[in-house]
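The structure is shown first, and the description follows.

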Number of protein chains: 2
Amino acid sequence: MTERAHSHPEQPDLPELVARFRRQSRKLTGPRQAVLEILRRQAHPAASKEIFAALPRGLCDLATVYRALHVLERVGMVKRYDLGDGIARFELLPEGDDGHHHHLVCTRCAGVVEIEGCSVDEVEQRLAAQNGFKAVTHRLEFFGICPACQ
Amino acid sequence: MTERAHSHPEQPDLPELVARFRRQSRKLTGPRQAVLEILRRQAHPAASKEIFAALPRGLCDLATVYRALHVLERVGMVKRYDLGDGIARFELLPEGDDGHHHHLVCTRCAGVVEIEGCSVDEVEQRLAAQNGFKAVTHRLEFFGICPACQ
DNA sequence: CGCCAGTTGCAAATCGTTTGCAGTTCACAC
DNA sequence: GTGTGAACTGCAAACGATTTGCAACTGGCG
């Protein structure tokens with residue numbers, strides 16, 4: 001399963017991303033720019049290692065990719081997803097968007113379908129009220145077997 | 001946050017669990033029985049290490065706890081949860097129940113509230129139909145700040 | 001009572017991720 | 001430009017959860 005269905009119809013271009021990053025008063029280095037460029041082309045959450053592998057050979061160390069992803073997450077340009085295997089995956093975040101959405105993951109081939117919209121918000125509200133919690137959010141991912149794997 | 005709210009009102013007793021386990025044609029050993037006994041007393045998902053720590057000192061190796069939990073999971077007596085930190089947690093499963101439910105986790109103190117019921121099933125159905133997926137399930141956990149931590 | 005597949009302890013191995021440290025470089029000041 | 005210091009990077013070692021190889025051990029059936 002490799003389809004890149006209806007997702008991120010219009011990824012921002014590199015210059016725009018770079019500008020956004022600079023606005024956060026961060027140093028724009030080769031590795032960071034390259035990581036942004038890779039993320040820009042991903043239709044689905046990408047693991048650190050995948051990003052590393054997609055980088056021009058030897059551009060930088062794996063540790064640097066991890067550090068770059070942390071910075072990008074901290075400044076809100078990237079969102080971390082946990083798709084159920086213990087591997088962190090990252091997606092570029094549109095400016096000013098919290099990027100809240102979910103995924104449908106094939107448990108056979110690990111293929112991913114992006115799900116737009118989220119209907120759990122009311123539940124969230126109710127839970128917060130009932131339990132006195134603040135700042136309630138949620139993590140929701142779907143798993144199943146995709147057509148190709150059945 | 002340590003409250004053990006409205007959860008598992010009636011945990012099965014040890015003999016019953018032991019019988020269930022035996023029915024799966026597994027060897028009932030000291031460590032396994034002890035792990036069941038610990039799980040029986042948990043109101044919330046417990047990490048392998050917590051279970052290990054709660055065991056009579058020196059009863060068995062940590063590796064054995066991991067192995068026991070795997071067996072219990074395989075025979076459907078225990079369910080694994082991922083509460084967002086990279087640590088597996090386990091809850092005893094009532095017989096014949098798939099134990100599907102969710103949790104509300106405090107991001108400050110890691111306290112857990114058990115959530116009963118689940119309203120995502122219709123969404124699940126729709127996703128399966130729309131994407132041609134089979135056997136669709138989901139993983140949903142809520143995070144927030146509990147009253148005591150605010 | 002004996003056997004042996006299933007279990008266990010122990011230590012070493014994995015795997016994703018993080019970190020200490022010394023050397024390098026970006027971005028702003030002059 | 002050129003200098004400078006804070007940020008950044010490479011490398012290798014450290015980490016923490018979990019798994020595994022292997023030899024010794026033990027439930028539970030015959």
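A residue is taken to be near a strand if its C-beta atom, placed from the backbone, lies within 6 Å of it. The model is a predicted one, and in it 23 residues lie around DNA strand D, of which Cys60(A), Asp61(A) and Thr64(A), together with Ala63(B) and Ala88(B), come nearest.

The elements that each supply at least two residues of this surface are α2 (30-41) and α4 (62-74) of chain A, joined by α4 (62-74) of chain B. Sorted by class, the surface near DNA strand D has eleven nonpolar residues, seven charged residues and five polar ones.

## Surface near DNA strand C

DNA strand C is surrounded by 24 residues, and the closest of them are Cys60(B), Asp61(B) and Thr64(B) from chain B, with Ala63(A) and Ala88(A) from chain A. Here the elements that give two or more residues are α2 (30-41) and α4 of chain B, along with α4 of chain A. The surface near DNA strand C has, by class, eleven nonpolar, seven charged and six polar residues.

## Contact between the chains

Between the two protein chains, 30 residues of chain B are in contact with 30 residues of chain A. On the side of chain B that touches chain A, two or more residues come from each of β5 (112-115), α5 (121-131) and β6 (134-145) of chain B, and β6(B) gives the most, with twelve residues. By class, this side of chain B has 16 nonpolar residues, nine polar residues and five charged residues.

The strand β6 (residues 134-145) of chain A also pairs with β6(B), in the antiparallel sense and over nine bridges. Within this pairing of strands, His138(A) stands opposite Phe142(B), a residue of β6(B).

## Relation of the two copies

The contact between the chains uses the same surface in both copies, since 100% of the contact residues of chain B recur in chain A.

Note on methods: Residues are numbered from 1 along each chain as its sequence is written. Chains are lettered from A and ligands numbered from 1 in the order in which they are written. This is a predicted model: local features need pLDDT of at least 70, side-chain atom pairs count only at pLDDT 80 or more; totals for chains, interfaces and linings use all residues. Helices (H or I, at least four residues) and strands (E, at least two) are DSSP runs, numbered from the N terminus. Ala, Val, Leu, Ile, Met, Phe, Trp, Tyr, Cys and Pro count as nonpolar, Asp, Glu, Lys and Arg as charged, and the others, Gly among them, as polar. Two residues are in contact if their C-beta atoms, placed from the backbone, lie within 7 Å. Two strands pair if DSSP finds at least two bridges between them.
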